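Q: Can we go through the packing in this one? I'd like to start with the cavities, then look at the rings.

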Amino acid sequence: MSIKKYETDVLIIGSGIAGLITALSCAKFANVIIVTKDILSESNTRYAQGGIAVALNKQDSPKQHFDDTMKAGCFHNNAKAVDILTKEGPDALQELLDHGLEFDTKNHHLDFAQEAAHSIPRVLHNKDKTGKIIITHLIKQVHKKKNITLLEKTEVIKLHTENQTCYGCYAIQNKEIITVTSSITCLATGGAGQLFKHTSNPKIATGDGLFLGYEAGCSLIDIEFMQFHPTSFCTNPHLNSYFLISEAIRGAGATLTNHNGDDFTKHYHPDKALAPRDIVTRSIFDQLQQGNTVYLDCRQLHDSIEDDFPTISSIISQQNLSLKKDLIPITPTAHYMMGGLLTNEHSQTNINQLYAIGEVACNGIHGANRLASNSLLDGLVFANRAAKHIKHIFKSQHQSSPPHKKLSIENSNAYSELSKLTEIHTLLWSQCGIIRHKDTLQKSLTTLNSLLA
């Protein structure tokens with residue numbers, strides 16, 4: 001049976017905000033294929049509740065946003081990239097608003113929410129389903145573009161590279177190998193939360209793009225910096241399923257308490273429940289290690305809190321709990337990787353014709369700890385920059401692609417032996433998770449090497 005072959009100008013792997021913005025921008029001057037291993041709407045972006053941070057508040061400024069981002073990232077950030085993010089963010093977001101994207105308003109003005117480590121309310125939102133609203137808006141635009149081809153439920157298993165240059169990919173579609181030849185390839189595959197036993201990420205977040213890039217020769221940086229979201233709610237302990245409870249609800253006044261009624265966060269940071277995420281997470285983890293149960297307490301909030309957070313209220317109610325009446329048991333979960341494939345200010349990797357955008361990439365914006373709600377802005381701003389750079393070099397990249405080599409499903413990464421996965425999940429969570437020590441990390445590395453041998 002012959003292998004199914006596709007050809008395009010620009011190949012986008014992934015369908016979150018970074019991938020779709022890049023696709024829509026590149027479709028203005030090129031033919032585009034989007035490959036996604038699930039349906040188009042399934043991505044980390046879809047589950048982003050709180051919103052998108054941007055300095056559009058009249059009392060705000062890119063400089064204040066810059067300072068907050070650097071401080072939250074423990075000044076490990078790339079200051080040049082943060083400057084780009086905070087300065088270009090307002091115009092990039094305004095363009096989406098001008099094209100019909102809607103956020104909540106108050107008195108006919110945009111309503112900015114307060115989140116942890118922000119010095120001023122600057123998070124735009126649509127209730128607690130901001131990511132879903134953004135993805136729905138972008139997908140409508142994608143479907144209008146006749147020169148964008150969608151390959152859904154198609155899993156990329158290898159990039160096609162030769163002489164430090166990327167020419168497309170190999171993928172599995174309907175249990176068969178296909179090839180995609182492209183002049184430009186963009187990795188926008190999201191994160192790796194599903195490598196950990198407890199995670200807020202959807203099932204697709206398995207670090208595919210990190211491995212694809214690594215295998216192709218990309219440089220990786222800062223992958224030790226995994227952010228653990230402090231407040232996740234277990235919806236099914238048997239399936240190890242978690243639902244993230246947005247930080248915005250703490251910005252609205254919710255507090256954290258243990259089963260003794262102690263507002264314990266005051267012992268860890270003066271900003272208490274609105275301290276940077278890494279500090280709040282470690283404080284909760286410390287309480288759990290002491291045998292305490294930790295709760296989110298929303299009972300003192302205004303009467304409309306359930307209307308303001310309908311998604312959270314609905315999920316909580318399925319467990320016979322109410323934001324207004326009950327303490328909500330929470331735990332930290334693996335959430336967002338600050339590191340990734342090393343990229344420059346144009347989202348280029350060190351492999352020719354290969355870009356990386358969003359969580360799979362690392363241009364240094366987030367430093368050691370991502371400022372809340374900066375991730376969607378990261379995907380938006382650097383997708384725009386990638387598309388502009390691709391347009392600039394596009395005509396010079398048209399060169400003959402070397403033929404794809406024969407690849408079988410049996411020797412592809414997607415169908416490798418997975419029996420050790422549960423052990424890896426537990427190991428990464430317990431030894432490489434919220435609190436780490438050099439000696440246990442060394443032992444973990446030895447264990448991982450033996451498992452993968």
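Q: How much space lies in the second largest cavity?
A: About 30 Å³. A cavity is a set of points on a 1 Å grid over the protein atoms alone where a 1.4 Å probe fits but cannot get out, and the volume is the space filled by probe spheres set on the points, joined across faces, edges and corners. This is a predicted model, where local features need pLDDT of at least 70 and side-chain atom pairs 80 or more, while totals for chains, interfaces and linings use all residues. Residues are numbered from 1 along each chain, and side-chain values use heavy atoms, without hydrogens and water.

Q: What lines the second largest cavity?
A: Its lining residues (an atom within 4 Å of a point) include Glu-247, Arg-277, Arg-370 and Leu-371.

Q: Arg-370 lies over the face of which residue?
A: Tyr-336, at 4.3 Å from the ring centre. The rule is CZ of Arg or NZ of Lys within 6 Å of the ring centre and within 35 degrees of the ring normal.

Q: And how many aromatic pairs are there?
A: Four in the whole structure, with ring centres of Phe, Tyr or Trp (its six-membered ring) within 6.5 Å. Phe-228 and Trp-429 have centres 5.8 Å apart and planes at 70°, so they are edge-to-face (over 60 degrees; under 30 is stacked, the rest tilted).

Q: Is Phe-228 buried or exposed?
A: Phe-228 is buried at 5% relative accessible area, and Trp-429 is buried at 18% (buried is under 20%, with a 1.4 Å probe and protein chains only).

Q: Which residues form the cluster?
A: Phe-196, Phe-228 and Trp-429 form one aromatic cluster.

Conventions: On a 1 Å grid over the protein atoms alone, a cavity is a set of points where a 1.4 Å probe fits but cannot get out, and a pocket is an open set with protein on both sides within 12 Å along at least five of seven lines; lining residues have an atom within 4 Å of a point. Buried means under 20% relative accessible area, exposed over 50%, partly exposed in between (1.4 Å probe, protein chains only).
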